[in-house]
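Here are a few exercises to work through with the structure open beside you. Try each one before you read its solution.

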Amino acid sequence: MDIIWWLAYVALGGFVGLMAGLLGIGGGGIMVPILTSLFVLQGVPHEHLAHLALGTAMAAIIPASTASLFSHHRHGAVRWDIVRFITPGILIGTFLATFIAALLPTRGLAIFFACFMVLMSLQMLANIKPKPSRSLPGPLGVSGVGLGIGGISALVAIGGGSLTVPFLTWCNVKLPRAIGTSAAVGLPIAIAGALGYIINGWSTAGLPSAALGYVYLPALLLMAPFSILTAPIGARLAHRLPVNLLKRVFAFMLMGLALQMVYAVFTA
């Protein structure tokens, strides 16, 4: 692999970590479209573009989710009772959704990803937040919600925060604990998703030689450490920069990247 690709993955990892620390937003929305474009340039077969991008992004979320989980746990912000009930659904939903993703064509996955990111971006721009209006459902209900959150997360390579936090705040969980609990939930999402994409791509022909199933190892090994290094920098900048303005800019960037991904897979 040429040095230019190594530098591209390092830069992507650093940027993802910076944005995660600055805005508290997971990196899947950035990683998946940019990885797709990089894979196009590297000559990855068209039918594997989205799957390889999603699988690699899910694996890259694991170390960041682990660090985030321990950080929130130290601050007592994780509702472990919720984590215990939601995790079975999360694991099943995420893992099974990777099998669905493996059956979908690249263009179908790209369209689903783009639609979700556009909706998420519009929600960020409008700053829509559900009003606390009810209590948490029982264990089966929470697990059922986890099933849905995990399924969607696997199809768009997110840690679930954009879905888990609104659900928990709607159920009268205080925002700091909703964020901390969402961080804890992000780890099983990332592990189940990465494992599912590895299994589904294990014997697939046409993947790069350095791929482990649908996880491209050079990208993973270069992105992950640099995202962890830059996340604290982003967190410090969050106290000095106009975060609300940056979130609006970031929302437009997400929409642009999602549309770029669709363009890339339809013209590859």
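Two rings of Phe, Tyr or Trp (its six-membered ring) count as a pair if their centres lie within 6.5 Å, and planes over 60 degrees apart make the pair edge-to-face. Keep in mind that this is a predicted model.

**Exercise 1.** Find the aromatic cluster that contains Y9, and classify the pair of Y9 and Y216.

*Solution.* Start with the members: Y9, F39 and Y216 make up one aromatic cluster. Next, take Y9 and Y216, with 6.2 Å centre to centre and 65° between the planes, an edge-to-face pair. Now look at where they sit: Y9 is in helix α1 (residues 3-23) and Y216 in strand β2 (residues 215-216), so this pair ties together parts 207 residues apart in sequence. Finally, check burial, where the cut-off is under 20% relative accessible area. Y9 is at 0%, so it's buried, and Y216 at 7% is buried too.

**Exercise 2.** Classify the pair of F95 and F99, and say whether each ring's residue is buried, partly exposed or exposed.

*Solution.* The ring centres are 5.1 Å apart with the planes at 70°, so this pair is edge-to-face. Both residues lie in helix α4 (residues 80-103), 4 residues apart, which is about one turn of the helix. F95 has a relative accessible area of 25%, so it's partly exposed. F99, with 34%, is partly exposed as well.

**Exercise 3.** Which residues touch the most other members of the largest nonpolar core?

*Solution.* This core has 70 residues, and the answer is Y9, L35 and F39. Helix α3 (residues 49-74) gives the most to this core, 11 residues. Then follow L35: beyond its neighbours within four places in sequence, its contacts include Y9, L12 and M223.

Methods:
Residues are numbered from 1 along each chain as its sequence is written. This is a predicted model: local features need pLDDT of at least 70, side-chain atom pairs count only at pLDDT 80 or more; totals for chains, interfaces and linings use all residues. Side-chain values use heavy atoms; hydrogens and water are left out. A nonpolar core is a set of buried Ala, Val, Leu, Ile, Met, Phe, Trp, Tyr and Cys residues joined through side-chain atoms within 4.5 Å. Buried means under 20% relative accessible area, exposed over 50%, partly exposed in between (1.4 Å probe, protein chains only). Helices (H or I, at least four residues) and strands (E, at least two) are DSSP runs, numbered from the N terminus. Contact means heavy atoms within 4.5 Å. Rings of Phe, Tyr and Trp (its six-membered ring) pair if their centres lie within 6.5 Å; planes under 30 degrees apart count as stacked, over 60 as edge-to-face and the rest as tilted.
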